Amino acid sequence: MRRKNWSVIFVAMLCTIYIKCLFISEKSYSQIPYKLTTEKTLISVQTRNSFGLKDTLITLPSKTASEQKFYSDLEVTINKAIAGIYHTKITPIAFPSQGDFMWYYQNINQVLNEGTFNYISARVSPGSIPGTAQISSAGGFPNAYIQLISSIKYTLSQADQTKLNVSLSHTNTQAQSIVSKYQEIFGEITVEELKKAQNRLGDQAVLTKIDYVISYVLGSQWSGRQEEEKLPLTYKEMANAQNLKDLLPKMPVSGEPVVTELSIYLALMQSVNILQSEIQMGNWIVRQMINNTSHPTRQNGGMQTVNPNTGAVSQTFQVGYSISRSLASIENHLNNKQQIIKVDIRTSEKSSTEVMASIAGLSSFFFGSVLRFSQENSFDDNMQMVQGSSKDSLIEIKYPGYTMVPIEPLAWQQATNIGWYYEEPIAEAYKNGTQDVTGFKFVLPPNYNLNSLADGGDFGQLTSLLISNYPTVTILYQNADFKKFKQSWDQNRKGNLTLFGFNKIGSFSKGIYSSQVHPGSSNSEFSVIFSPSPEVVSIPELQKMAYVIGGTFNFPAINTSKVSLVRRIIAKL
């Protein structure tokens, strides 16, 4: 009898715990990465019995799981539609702070639209919903890029550094002779002059006075390459020259004794001239990338932008970006209303508060609302809950005139020192990690996850956008009441559309969509068509916007090369 009572009590306790769990907010639970389904999330709840703690799994509706399923099915449907044209796969982009994309990217003088720049210069990172991407505010990628580049140095492995140190110790007397001769003729090398040279060539390239004389004075100034914004003469180039003075057109006549001493020094350093050249070149490259990104000018490829609202051209310069498709080509595609991506969402009632939905016949997922029509501080209609509507419907979304817009940062060119974007030092530093090798390395841990998007990487850049005109959305209701709906619905209102509570279509505070109601074959069937308002289409050129369906991205750190960048360049000298 006593045993039976304890069993009853124990079962009652478990039932109480289970029932209470069902009424606690989902946020109160500690979710574990156990298994994600399209309808439910498995939650671990600990209960205590005579054997200690026990994990009990309960299933609760998961909004995140449904959102993930929506985006996953949407991505499959859209990529299937564009596969035969673009041969690439896009990823959905969560609606950004920039709003929609200003596709009319330049004015008549070919000055880049500021609104376009604000979008294409964003940094890409994983969206809050798995399988999606989100973009930062304007300039997010160049800002992250400069942070990473500033933490990279070109350094030698322990073996190479030891080899260099041995040679330096053997040639120390000759090095002192060069510095003495230079200072005897041109005056003492000051700390300020050393800092100036480091700002030009990189601090690792100018550590000592002999570095200052060889790399900065002869390699950069007397060679004339500083004026030309070019890479300084390397140790290798100077050592291989038949007549070193031929490479120094800006050398003053009084500098000949210094060149004579240098020729002796280079001969003694023959075995490590390449190592010296690598340090010199590697850190010069990093310095140019820092300078050109943090201080863009007309001379180094920087660009001005034009305000889309006022037409005023900015006086400050931004890093260079370009779109390698003509405005005419983009406009022609947007005007091609026969080129359409169509997405069908079929809905049905699951409960009084939930709708079951499926995209293009794929597996189902559940939401409280599928389509909302709203205007800020005015109205917010759940289109499955409006009087006379129904949860049984077919929602057709058509993206007319879709087209791909390619985006490119201005690549840095070694020969001219124009441009700012050069991914190889970042990729090499990421590949080298903490290994004892010669090459680019991070001297400070990166502030970003440098993996791919799928692996949580948040240092990505946009490489193309799939855009279209604003979609038209049609709801074909079944098992509804047309007369009741028509009485309650105001076709004169304008608003914005939101799919599943999070996927915005348009971003205007006044609303960009208007509606038309069309009767069906019976009172239980009818359709509502949402179309962009004419004033959204008829606006000044620089303010013309397109809806962003998705994009493609590049994550620079994972694009590695087998041969060191600097060694490839030096091999060509």
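Which order do the strands of the open sheet of four strands have? In this predicted model, where local features need pLDDT of at least 70, side-chain atom pairs count only at pLDDT 80 or more, and totals for chains, interfaces and linings use all residues, the order is β15-β14-β21-β22, with antiparallel pairing. Residues are numbered from 1 along each chain as its sequence is written, and side-chain values use heavy atoms, with hydrogens and water left out.

Strands (E, at least two residues) and helices (H or I, at least four) are DSSP runs numbered from the N terminus, and two strands pair if DSSP finds at least two bridges between them. The edges of the sheet are formed by β15 (379-382) and β22 (503-505), each of which pairs on one side only. Neighbouring strands of the sheet are turned by 25° against each other on average, direction ignored; axes are lines fitted to C-alpha atoms, for helices over the stretch in contact, and angles run from 0 to 180 degrees between N-to-C directions. Four bridges join β14 to strand β21 (residues 496-499) in the antiparallel sense, and Phe373 has Leu497 of β21 as its bridge partner.

Ser374 belongs to strand β14 (residues 371-375). With a relative accessible area of 18%, Ser374 is buried (buried is under 20% relative accessible area, exposed over 50% and partly exposed in between, for a 1.4 Å probe and protein chains only). Apart from neighbours within four places in sequence, Ser374 is in contact (heavy atoms within 4.5 Å) with Phe379, Asp380, Gly495 and Asn496. Phe379 also has Arg493 over its face, at 4.0 Å from the ring centre, and Arg493 likewise lies over the face of Trp489, at 4.9 Å from the ring centre. A charge sits over a ring if NZ of Lys or CZ of Arg is within 6 Å of the ring centre and within 35 degrees of the ring normal.

The structure holds 29 aromatic pairs, for which rings of Phe, Tyr and Trp (its six-membered ring) must have centres within 6.5 Å; planes under 30 degrees apart count as stacked, over 60 as edge-to-face and the rest as tilted. The pair of Phe141 and Tyr421 is tilted, because the ring centres are 6.0 Å apart and the planes lie at 55°. Phe141 is located in helix α4 (residues 140-150) and Tyr421 in the loop between β17 (403-409) and α13 (424-432), so the pair ties together parts that are 280 residues apart in sequence. Phe141 is buried at a relative accessible area of 0%, and Tyr421 is buried at 8%.

Eleven salt bridges are present, each defined as a side-chain nitrogen of Lys or Arg within 4 Å of a carboxyl oxygen of Asp or Glu. One of them joins Asp203 to Lys153, with the closest N and O atoms 3.1 Å apart. This pair links distant parts of the chain, 50 residues apart: Asp203 is in the loop between α7 (191-201) and α8 (209-222), and Lys153 is in strand β8 (residues 152-155). Asp203 is partly exposed, at 27% relative accessible area, whereas Lys153 is buried, at 17%.

Glu229 forms a salt bridge with Arg200, at 3.6 Å between the closest N and O atoms. Glu229 lies in the loop between α8 and α9 (235-240) and Arg200 in helix α7, so this pair ties together parts 29 residues apart in sequence.
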